[in-house]
Amino acid sequence: MQNFEYYTPTRLIFGKGVIGKLPEVLGAYGHKVLLTYGGGSIKKIGLYDKVLALLAGFEITELPGIQPNPKYDPSVLEGVRLCKEKGIEVILSVGGGSVLDCSKAIAAGACYDGDPWDLISYKVKAQKALPIVDILTLAATGSEYDCGGVISRPETNDKIGYIDPLLFPVASFLDPTYTFTVNAWQTAAGIADAMNHILEQYFCEDATLMNDGFCEAGLKSLMVNGKACLENPSDYKARAEMMFVCTLACNNIMSLGNSGSGWPMHGIEHALSGYYDITHGVGLAIITPRWMKHILSARTLPRFVKYGVNVFGIDPSLPGMEIALQAITATYDFFASLGIPMHLQDVGIGPDRIPEMAHHVAVNEGLENAYVPLTEQDIAAILTASL
Ligand code: NZQ
Ligand code: ZN
């Protein structure tokens with residue numbers, strides 16, 4: 001077991017109707033609020049009106065229009081400008097992971113005099129960030145319980161994971177009823193994203209029985225509850241458990257004391273959405289079984305056997321390699337059963353830019369240190385197999 005430190009200073013406020021506590025929780029950090037949100041879903045579900053009614057005594061400045069795969073320009077830059085101009089004291093992020101990730105970059109940029117890209121690109125370490133409170137409307141990323149944000153810059157095809165302990169939200173409101181309206185595509189992508197977060201922790205060199213059980217239970221819960229969410233989008237029990245598991249899946253609590261894995265599938269997916277602006281969870285679902293096949297070897301076989309037997313219930317008396325291959329097929333089939341198109345060509349990505357993307361990933365994502373080290377050629381092979 002490896003040494004570790006764990007500290008997550010985020011207050012989780014979970015359940016139906018918890019938004020009533022918003023004025024009290026937000027008010028502890030200030031009354032000048034930057035309200036960030038996306039393309040309008042919060043208005044359609046009535047949440048925008050509810051928030052404004054609850055915050056009648058607050059001074060609110062709005063930053064609408066944050067897109068999926070949130071963009072540095074204009075969203076981060078505009079948010080930073082507004083925070084400085086209006087003397088914002090606290091950010092209230094209402095939406096999915098993209099709104100929250102963008103809010104995290106704004107929170108740090110607002111307390112920095114230079115170009116916020118200096119912080120996101122790790123050229124300069126942030127000294128301070130504004131507090132963030134969020135109301136989550138989509139279960140997927142775990143951004144509500146971690147200190148990372150992923151920011152895109154289409155002009156350079158960059159999609160960078162910006163991680164800093166200053167970026168933990170101070171409080172996250174998690175009301176599963178707000179996720180009832182998430183459509184089938186985004187629900188499926190959320191299931192695949194959270195499952196992949198767990199797989200990125202599960203496939204490592206040194207794990208504990210405790211963590212393996214935690215991860216296997218998380219995967220099974222996501223599969224069962226995710227399917228139930230797709231069958232009945234207003235199934236509270238299923239939406240609630242999915243939200244709960246997604247929240248835990250990305251802040252390392254499921255792998256404390258494990259060796260790191262380098263999160264290789266995320267490293268590769270960042271290029272897909274950086275170059276083609278596709279839905280993150282869909283890109284991951286396509287890559288996952290191809291990455292698994294690529295790294296399957298005598299060294300990794302025991303992990304695949306454990307995964308196949310404990311997650312998919314494959315007969316443990318079969319030869320190890322057969323269990324592993326069945327587990328990879330079961331992973332593929334599960335994602336396909338969610339309605340996810342399982343080939344890059346289905347989401348508009350052909351072979352032409354694979355060498356460029358593989359080079360970008362090899363230079364920027366550090367996958368030579370992954371659980372199974374990946375060279376530029378390996379990355380290109382995984383992408384090609386995903387076509
Ligand atoms: O923009 P609006 O109108 O709000 O619509 C959104 C958006 O179109 C819609 N939506 C959100 N809540 C809804 C809803 N529609 C109906 N009802 C609701 N209640 O869903 C669409 C997608 O939203 P988005 O926020 O982009 O989805 P998600 O939460 O999956 O976030 C994806 C982003 O998070 C990053 C991804 O790379 C991607 O950029 N990630 C962040 C991580 C983190 N911070 O730790 C980890 C992840 O690995 C991931 O990389
Ligand atoms: Zn992810």
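Ala, Val, Leu, Ile, Met, Phe, Trp, Tyr, Cys and Pro count as nonpolar, Asp, Glu, Lys and Arg as charged, and the others, Gly among them, as polar. This is a predicted model: local features need pLDDT of at least 70, side-chain atom pairs count only at pLDDT 80 or more, and totals for chains, interfaces and linings use all residues. Residues are numbered from 1 along each chain as its sequence is written, chains are lettered from A and ligands numbered from 1 in the order in which they are written, and side-chain values use heavy atoms, with hydrogens and water left out.

**Exercise 1.** Describe the shell around ligand 1.

Step 1. Sort the residues. The shell holds 8 nonpolar, 18 polar and 4 charged residues.

Step 2. Look at the nearest ones. Among the 30 residues around the ligand (a heavy atom within 4 Å), Gly39, Ser41, Gly97, Ser98 and Asp146 come nearest.

Step 3. Threonine 137 places a polar side-chain atom 2.8 Å from a nitrogen atom of ligand 1. For serine 143, a side-chain N or O atom is 3.2 Å from a ligand nitrogen. Histidine 280 has a polar side-chain atom 3.1 Å from a ligand oxygen.

**Exercise 2.** Which residue, asparagine 157, has what phi, and is it buried or exposed?

Step 1. Read phi. Asparagine 157 has a positive phi, near 60 degrees, and is not glycine.

How values were computed. Polar contact = N/O pair within 3.5 Å; in protein donor to acceptor, adjacent residues only side chain to side chain.
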